[in-house]
Amino acid sequence: MPQPALYLKPNVAVEPLYNQWYAWWYLVAPATAPLFVANHHVKIMRSFVANPALHVAALKNPALAGGPYINYGPERAGEVKALLDRTLAEHAPSLRFAEAVAELHRLLNGADGHSLEELYARVPDVLRGYVELTYDLNNRASPRFLESLLYRSPHCSESSQSLSLRLLQGDVRPYVFSTPRLDTDAETVHIQRPFRGGALGALLAMVRTPGSVGAAAEALGVAPRDARAFAALFTEAPPRPASRFDGPGVRIRYFGHACVLAETRAVSVLVDPVVSYDVPSELARYTALDLPERIDYALITHGHADHLMLETLLALRDRIGTIVVPEGGGGLADPSLKRLLQSVGFQSVIALGELDSLDIPGGAITGLPFLGEHADLNIQAKLAYHVRFQDRALFFAADSKVIEPRVYDHVRSALGDVDALFIGMESEGGPLSWMYGPLLPAPLARKMDQSRRLNGSNSQQAAELVARIHPARVFVYAMGREPWLGHVMAMGYHDDSPQLVEARKFIAHCRERGIDASLPYGKGELFLD
């Protein structure tokens with residue numbers, strides 16, 4: 001008797017993993033993944049195996065939730081030890097790559113402005129043919145990694161990619177960047193497949209189009225022991241239908257954090273897709289079920305995991321027409337987002353530079369400067385966006401820090417006033433080492449590290465932006481307040497958190513000047529006729 005066609009439940013989380021760690025930008029790019037394995041994962045696992053009680057005690061302090069502490073009890077130290085041993089054995093090439101990068105930095109530290117040509121013969125063997133040695137104009141030497149070749153090399157380890165499938169019963173998930181997924185519980189299905197595989201796309205399409213559970217299990221290589229847990233991920237109940245906007249003007253929907261959907265009859269644009277699952281909750285929100293069947297353009301402002309979330313992007317991959325990303329600069333801390341997304345299966349990826357424009361039906365998408373929030377590193381893969389629909393204009397500033405307000409005098413001169421400004425105000429972010437520490441050739445002095453933070457704008461800086469681009473409406477977004485962001489942000493806000501204090505000051509400043517300003521939470525909707 002043939003099996004009935006079933007739907008994938010809308011609360012199934014499909015987490016992308018790299019060697020059982022939650023995958024993000026730096027775990028896909030082949031030059032940086034080995035550095036995070038060697039300088040982050042191995043170090044954390046060794047620390048936990050040596051003293052699990054230290055990690056347990058540290059995580060009793062909410063302020064340390066985003067720190068380098070594994071969120072398991074001491075009884076799981078054996079499983080972590082097994083993953084550590086397997087990592088040391090199976091990822092020995094990655095560890096050699098990381099040590100070669102450290103050796104290359106030491107080699108270039110001795111460069112004194114004379115020609116670098118003779119140093120090529122002294123580049124560690126595993127890096128030979130994959131780097132160019134360069135000076136900046138101040139005669140500081142650094143390597144440029146040839147990413148196009150690395151993606152085709154043995155250093156691009158797709159065999160380390162896998163997927164973890166589980167049903168979510170709510171928004172709360174533990175912080176993911178300091179704890180590997182051991183996935184030994186009976187409700188979790190672990191699938192060893194690369195992210196770009198078509199079988200994943202076929203599975204995720206079953207959210208909307210019913211299909212054969214058996215065929216999906218066979219295509220994904222689901223182990224017999226996981227057959228029952230895999231079958232529990234499906235249902236006969238169809239999802240609620242999602243309709244494309246067909247009204248006049250522009251409809252803007254806030255999906256939480258930095259995710260905004262702007263639609264006209266002709267086109268849909270989704271900014272920084274990070275979308276809630278359809279889980280039981282008293283907090284009103286739009287979920288993935290509220291997105292249109294076809295997303296014409298998805299815009300990525302930068303590679304931080306709360307803006308470029310592979311988990312959401314892979315779920316939407318076959319529904320996105322074109323994904324737009326900023327051009328990268330090619331440095332070790334600045335891998336190409338275009339190559340990264342192509343490597344995980346996106347077919348149409350366009351990279352824009354500052355003031356580059358892409359025509360869309362009835363309007364255009366234009367890249368804008370995005371200063372700040374990257375700890376003063378020379379990272380080019382970041383863009384704000386100006387999106388024009390006929391005579392309406394939206395400015396998505398993401399986490400821009402208005403360090404030099406006169407930039408926006410020039411932006412307004414080029415593009416005019418805007419109808420709505422979306423700006424993040426995480427005015428006190430983590431220090432440089434919190435995100436970029438595994439990439440550094442040597443640790444920074446603590447005072448330097450604390451001075452170079454991942455900060456967005458405060459109230460005064462945001463007010464400078466408003467004074468220059470004259471928005472009719474202002475939305476303070478990208479604050480990480482929604483509960484479905486906790487697994488990548490660990491913000492832990494309270495009413496007196498400096499980020500919220502600054503946001504409220506800025507909103508009051510706008511309202512005093514007759515500008516409609518708000519701090520959306522959960523969901524929001526606005527129509528521009």
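Q: How do the lining residues of the second largest pocket divide into nonpolar, polar and charged?
A: In this predicted model, the lining of the second largest pocket has 14 nonpolar residues, nine polar and five charged.

Q: How many residues line the second largest pocket, and which lie nearest its centre?
A: The lining has 28 residues. Nearest the centre are His 105, Ser 142, Pro 143, Leu 332 and Leu 377.

Q: Which elements give two or more residues to that lining?
A: Helix H5 (92-109), strand E5 (141-145) and helix H13 (432-436) do.

Q: And where does the largest share come from?
A: From E5, which gives four residues to the lining of the second largest pocket.

Q: What about the space in the second largest pocket?
A: About 960 Å³.

Q: Changing topic to the backbone. What is phi for His 257?
A: Phi of His 257 is positive, about 55 degrees, although the residue is not a glycine.

Q: Where is His 257?
A: His 257 sits in the loop between strand E9 (250-256) and strand E10 (259-263).

Q: Is His 257 buried or exposed, and why?
A: His 257 counts as buried because its relative accessibility is 0%, and the cut-off for buried is under 20%.

Q: What about Leu 355, what is phi there?
A: Leu 355 is also a residue other than glycine with a positive phi, near 70 degrees.

Q: Which loop holds Leu 355?
A: The loop between strand E14 (349-352) and strand E15 (357-360).

Q: Why does Leu 355 count as partly exposed?
A: Because Leu 355 has 48% relative accessibility, and partly exposed covers values between the buried limit of 20% and the exposed limit of 50%.

Methods. Residues are numbered from 1 along each chain as its sequence is written. This is a predicted model: local features need pLDDT of at least 70, side-chain atom pairs count only at pLDDT 80 or more; totals for chains, interfaces and linings use all residues. Side-chain values use heavy atoms; hydrogens and water are left out. On a 1 Å grid over the protein atoms alone, a cavity is a set of points where a 1.4 Å probe fits but cannot get out, and a pocket is an open set with protein on both sides within 12 Å along at least five of seven lines; lining residues have an atom within 4 Å of a point. Grid points are joined across faces, edges and corners, and a volume is the space filled by probe spheres set on the points. Ala, Val, Leu, Ile, Met, Phe, Trp, Tyr, Cys and Pro count as nonpolar, Asp, Glu, Lys and Arg as charged, and the others, Gly among them, as polar. Buried means under 20% relative accessible area, exposed over 50%, partly exposed in between (1.4 Å probe, protein chains only).
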